4 protein chains.
Amino acid sequence: MGAVKTKRMPRAVREQQMLDAAVRTFGQRGYMAASMDEIAELAGVSKPLVYLYLNSKEDLFTACIRREAKALTEAVRAGARPGLPADRQLWSGLTAFFTHTARHPDGWAVLHLQARTHGEVFAAEIAAVRAEIVAFVTQLILAAAREAHRDPDLPEREVSGLAEALVGAAEALADWANATPGVTARQSAATLMNFAWAGLGDLMAGRHWTPPDDDTDGGIHGIHGGTGQVG
Amino acid sequence: MGAVKTKRMPRAVREQQMLDAAVRTFGQRGYMAASMDEIAELAGVSKPLVYLYLNSKEDLFTACIRREAKALTEAVRAGARPGLPADRQLWSGLTAFFTHTARHPDGWAVLHLQARTHGEVFAAEIAAVRAEIVAFVTQLILAAAREAHRDPDLPEREVSGLAEALVGAAEALADWANATPGVTARQSAATLMNFAWAGLGDLMAGRHWTPPDDDTDGGIHGIHGGTGQVG
Amino acid sequence: MGAVKTKRMPRAVREQQMLDAAVRTFGQRGYMAASMDEIAELAGVSKPLVYLYLNSKEDLFTACIRREAKALTEAVRAGARPGLPADRQLWSGLTAFFTHTARHPDGWAVLHLQARTHGEVFAAEIAAVRAEIVAFVTQLILAAAREAHRDPDLPEREVSGLAEALVGAAEALADWANATPGVTARQSAATLMNFAWAGLGDLMAGRHWTPPDDDTDGGIHGIHGGTGQVG
Amino acid sequence: MGAVKTKRMPRAVREQQMLDAAVRTFGQRGYMAASMDEIAELAGVSKPLVYLYLNSKEDLFTACIRREAKALTEAVRAGARPGLPADRQLWSGLTAFFTHTARHPDGWAVLHLQARTHGEVFAAEIAAVRAEIVAFVTQLILAAAREAHRDPDLPEREVSGLAEALVGAAEALADWANATPGVTARQSAATLMNFAWAGLGDLMAGRHWTPPDDDTDGGIHGIHGGTGQVG
DNA sequence: GATGAATGAGCATTCATTCAT
DNA sequence: GATGAATGAATGCTCATTCAT
C-alpha cells in the first residue's frame with residue numbers, strides 16, 4: 001500500500017517520505033489513533049528508521065505541524081503580495097489559502113483539527129501560527145481603514161475580534177469546501193470577501209450594528225448612521 | 001476525587017453523573033486519551049457500571065455528543081425566538097450561543113474539537129447538528145432579505161457558503177472568547193453582528209465585492225454598485 | 001511452566017505469588033534480562049495484573065528487594081538474640097544468615113548480586129540494609145572488647161573496616177556455600193568464626209600486624225606485642 | 001564526547017580504544033543497560049567497526065572481562081613476589097590489589113559486579129579467575145603454616161573456605177574503599193591483614209573457635225587450647 | 001444495583017546486528 | 001579501513017472490556 005520500496009535513500013529524502021506518510025496518517029486517523037507502525041509502513045520503511053530520524057511520535061507530529069504550517073503560511077504570504085491595496089491583498093491571500101487547503105487536505109486536517117486537540121504542546125504550536133495570521137489580517141483591516149481615509153475608531157480588542165472572526169470564517173469555509181465537491185478556491189474567497197469586506201466597510205464608515213439594551217428589549221435598533229439597510 | 005460516593009442511586013441519576021464525568025474528561029483529554037478508568041473514578045462509580053449503563057467507550061462518547069448537542073441547540077433555540085425580526089433573532093441566538101459555550105467549555109470542546117477529530121461516526125453526528133444550525137442561519141439570511149423587500153438574487157450555494165462562514169466565525173469567536181478572559185457573550189455577539197450583518201446587508205442590496213479577472217489583473221475592482229466603500 | 005492457574009484469588013495472595021515469581025526470575029536472569037512477560041507467566045497471571053498490583057518493573061524489583069531484605073534481616077535478628085555474649089551472638093547470627101541464604105538462593109542473588117548492579121536507586125536500598133548489618137557487627141566487635149575488659153583503642157574507621165571485612169567475608173562464603181554442594185550453614189559459620197574471631201581477639205589485645213615502611217622494605221615486621229605467630 | 005576522532009589507526013590501537021570505552025560503559029551502566037551505540041560513540045568509531053573487530057556484544061564483554069582480569073591478576077602477581085615470606089607476600093599482594101581496584105574502578109566493577117550478574121558464561125569466566133586467586137591465597141596460608149613449622153591439620157575444604165573468606169573480605173573492602181573517600185590501599189590492606197592474619201595464626205596454632213553443640217546450648221565454648229581470648 | 005479480579009490485544013520505543021558502499 | 005542506511009525482534013506498559021460474585 002505504501003510507497004514503492006526503494007532502498008538506500010539519503011536521509012533528507014527518507015525524512016520527507018516519512019513526513020508525507022505521517023501527515024497523511026495523522027490527518028486521517030488523528031494523533032492518537034495513528035500508529036507508528038502504520039506510518040512506517042506507509043512510508044515504506046521500518047519503524048526503527050522512523051525513530052532514528054524523527055525521534056518519537058511527539059517529535060514526528062511536531063515536525064508535521066511545523067512543515068505544514070510553514071507550507072501554508074508561505075503559500076498565503078506568496079499570494080498576498082505587499083504592494084497591492086488591502087482588499088486585493090486579502091483576496092489573493094484568501095485565494096492562496098483556499099487553494100492550499102484544498103490541495104493539502106491532510107496537512108490542513110493536521111493543522112486545523114488534530115494539532116488543536118491533542119495536548120497543550122501542539123495546541124501552542126498552532127496558536128502561534130494562528131496568532132501570526134490573525135495579526136496579519138488585523139493589519140490588513142487597519143490598512144483598509146487608512147486607505148479609505150477613515151478612522152476606524154475601534155478599540156484594539158474589537159479589531160482583534162473581527163480578525164478572529166474573519167480567520168475563523170475562512171477556516172470553516174476551507175473545511176466546507178473540502179467536504180463539498182465542486183467548490184473552488186475562488187468561490188470560497190469570493191464568498192468570504194462578500195461576507196466580510198462590506199461589513200468591514202460599514203464598520204469603517206462608522207455604521208455599527210447596535211445591540212438592544214437587553215434581551216427583552218423591543219425598542220429601535222439596527223445599523224446606526226446608515227440608511228437602514230437590512231433588518 | 002470525583003463526585004461524593006453515594007450508594008444506590010436511581011439509574012437516571014447515575015447516568016447523568018457518568019455523562020458529566022465523561023464530558024469533562026473527553027473535553028479536557030480528548031477522546032482517545034481519556035480512559036474509562038478516569039471517567040469511572042471521576043463519576044464515583046466502578047468501571048463495570050459504566051459499561052452496564054453506557055455499553056462502550058464509543059457509545060459513551062456518542063451519548064456525550066448527543067447530550068451536549070441537544071443542550072446547545074436548545075439553548076440557541078430558546079434564545080432566538082421566532083417572532084422577532086431576523087437580525088434580532090440572530091443577535092439573541094448568538095448571545096445564547098456564546099453564553100452557553102462559555103458556561104460549558106468542556107461540552108463545547110467535545111462538540112467542536114473532539115467529535116470532529118475522532119472518526120467518521122462522531123464527525124457525522126456533529127455534521128448533522130451543524131447542518132441544522134447552518135440551515136437555520138440560512139433561513140435567517142433569506143428572511144432578512146425578505147424583510148428588506150429585496151431579492152437576494154443569490155444562488156443557493158452562495159447563501160449556504162455565507163451561512164457556513166457565519167457559523168464558522170461564531171465558532172472561532174467562541175473559542176477565542178473561552179481563551180481570552182474578560183470577553184463577554186454580548187461582546188462576542190456584537191462583534192459578529194457588526195462583522196457579518198452589514199456585509200450581508202450590502203450583499204442583499206446587490207453590492208458585491210467583485211474578484212479581479214485573475215491573480216495578476218491590475219484592473220478595476222471593488223464593491224460594485226456601492227459608493228466605493230473600504231478599499 | 002508456572003504455578004497452577006487458579007482463578008480469582010484475593011489481591012494479597014496474588015501479590016505474594018507475583019513476588020515469588022519475580023524474585024526467582026530476577027535472581028536467575030538479572031533485573032534487565034528478566035522480562036515482565038516471563039514473570040507474569042511464572043506467576044500464573046496476565047501481565048496487566050502484575051502492573052495493576054505492582055505498578056512497574058522498577059517498583060516490582062524494589063518490592064522484591066524490600067521483601068527479601070526484610071526476610072533476611074529478620075532471620076538474622078531472630079538468630080542473634082541480645083542476651084548472649086558477643087561471640088555467641090555473632091555465631092548464631094551467622095548461622096541464621098547462612099541458613100537463610102542457602103534456603104533462599106534467589107532472594108540472596110537479588111540482594112547481593114542484582115540489586116547492586118542495576119541502578120543507583122536499588123543500590124541505595126541495599127546499601128541501607130547492609131549499613132544496618134555492618135553497624136550491628138560493629139557493635140558486636142566493641143561489645144566483645146568490653147566483655148574481654150580491653151580497650152580496643154581503635155579508630156572508628158578501623159572498626160568499620162573490620163566490620164566491612166567480616167560482612168564481606170560472610171557474603172563471599174554464602175555465595176561459595178551456595179555454589180559448593182555439601183557445605184552446611186554451621187560449617188560456613190564455623191569457618192568464619194575461626195577466621196575472624198581470633199584475629200579480632202589479637203587486635204583487641206593490642207597485637208597488630210604492622211605493615212612494613214614501604215613496599216621495598218625488607219626490615220622487621222609481623223605481629224607486634226605477640227609471640228611471633230604465623231610468619 | 002569520547003576520544004578525539006582520529007582516522008586510520010592500526011587495528012590494535014582501535015581495539016584498545018573500544019575496550020576502554022566498553023569497560024567504562026559496562027562498568028557504569030551494566031552489561032544490559034550499556035548500548036553498543038554508546039560504546040561506539042565513546043570509542044569515537046562507528047558501530048560496524050566495533051562489530052568488525054569485536055564480533056558481538058557478548059564477545060566484547062568477554063574481551064573486557066579477560067583484559068581486566070589479566071590486568072588485575074598481573075598487578076597482584078607483580079606485587080606479591082615469590083621470594084618473600086608468606087605474610088609479606090600477602091601484604092604486598094593485597095596492597096597491589098587495592099591499588100589496582102582503586103585506579104580502575106570501572107574495570108573492577110566489570111569484574112566484581114557485572115560479570116557475575118549477567119549469565120553463566122561470564123560468571124564462569126570470572127569464577128575461573130577467582131579460583132586462581134583463591135588457590136594462590138590457599139597456597140600462601142599453607143606456606144605460612146610451613147614457615148611457622150606447624151601442621152595446620154586442617155581439612156582441604158576448611159582451608160579453601162578460609163581463602164574464600166579472605167578473598168571475599170578483600171573484595172568487600174575494595175568496594176568499600178572505592179565508595180569511601182580517603183581510604184588508601186595501604187589502609188585497606190592493613191585492615192585486612194589485622195583482621196585475617198592473626199586469626200589464621202591462631203588457627204595454625206591449633207586454637208579454634210568451637211561452635212556450641214547446638215543453638216540452644218548454654219555450655220562452655222570459645223577458643224580451645226588458647227588463652228581465652230575475646231569471648 | 002454494584003464491584004474486585006482478570007485479560008487479549010495493541011502501542012511506543014529500543015537494541016543488537018547487518019548491508020552496500 | 002570505515003560508515004551511513006536499515007531492520008527483526010523484543011520489551012515495558014496501557015486500555016477497553018468482561019466475569020464471578
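Trainee: Let's start with one helix. Which residues of H1(A) are buried?

Mentor: The buried ones in H1(A) are Arg14(A), Met18(A), Leu19(A), Ala21(A), Ala22(A), Val23(A), Thr25(A), Phe26(A) and Gly27(A). Buried means under 20% relative accessible area, exposed over 50%, and partly exposed in between, using a 1.4 Å probe and protein chains only. Keep in mind that this is a predicted model, where local features need pLDDT of at least 70, side-chain atom pairs count only at pLDDT 80 or more, and totals for chains, interfaces and linings use all residues. Residues are numbered from 1 along each chain as its sequence is written, chains are lettered from A and ligands numbered from 1 in the order in which they are written, and side-chain values use heavy atoms, with hydrogens and water left out.

Trainee: How should I read the spacing in such a list?

Mentor: An α-helix has 3.6 residues a turn, so residues three or four places apart point the same way.

Trainee: And what covers the buried residues of H1(A)?

Mentor: The cover includes helix H2 (36-43), helix H3 (47-54), helix H4 (57-79) and helix H6 (105-117) of chain A. Contact here means heavy atoms within 4.5 Å.

Trainee: How far apart are the end C-alpha atoms of H1 in chain A?

Mentor: First the idea: the expected span of a helix is 1.5 Å times one less than its number of residues. Helix H1 of chain A has 19 residues (11-29) and should therefore span 27 Å; the end C-alpha atoms are 26 Å apart, which agrees. Just after H1(A), Gly30(A) adopts a positive phi of about 95°.

Trainee: How many helices and strands does chain A have?

Mentor: Helices (H or I, at least four residues) and strands (E, at least two) are DSSP runs, numbered from the N terminus. Chain A has nine helices and two strands, in the order α-α-α-α-α-α-α-α-α-β-β from the N terminus on. Of its 231 residues, 55% are buried. For contacts in chain A with a separation of 6 or more, 65% join residues 24 or more positions apart.

Trainee: Could you show me one such pairing up close? What does Glu15(C) touch?

Mentor: Glu15(C) sits in helix H1 (residues 11-29) of chain C. Leaving out residues up to four places away in sequence, Glu15(C) touches Tyr53(C) and Leu54(C). Glu15(C) and Leu49(C) lie 34 residues apart in sequence, with C-alpha atoms 9.5 Å apart in space.

Trainee: Now the interfaces. How much area do chain D and chain C bury between them?

Mentor: Buried area is the accessible area (1.4 Å probe) that two parts lose on being put together, summed over both. For chain D and chain C that comes to about 5,600 Å², 61% of it on carbon and sulfur atoms. The contact involves 64 residues from chain D and 66 residues from chain C.

Trainee: Which residues form a salt bridge there, and at what distance?

Mentor: A salt bridge needs a side-chain nitrogen of Lys or Arg within 4 Å of a carboxyl oxygen of Asp or Glu. The rule finds two across this interface of chain D and chain C. One of them pairs Arg116(C) with Asp175(D), whose closest N and O atoms are 2.8 Å apart. On the chain D side that touches chain C, the elements giving two or more residues are helix H5 (86-103), helix H6 (105-117), helix H7 (120-147), helix H8 (156-179) and helix H9 (185-204) of chain D. The residues on that side of chain D divide into 29 nonpolar, 18 polar and 17 charged. Here Ala, Val, Leu, Ile, Met, Phe, Trp, Tyr, Cys and Pro count as nonpolar, Asp, Glu, Lys and Arg as charged, and the others, Gly among them, as polar.

Trainee: Is Glu164(D) buried or exposed?

Mentor: Glu164(D), in helix H8 of chain D, counts as buried because its relative accessibility is 10%. Not counting residues up to four places away in sequence, Glu164(D) touches Ala172(C), Leu173(C), Trp176(C), Arg130(D) and Val134(D).

Trainee: And how many salt bridges are there between chain B and chain A?

Mentor: There are two salt bridges between chain B and chain A, including one between Asp175(B) and Arg116(A) at 2.8 Å, N to O. Chain B and chain A bury about 5,600 Å² between them, 60% of it on carbon and sulfur atoms.
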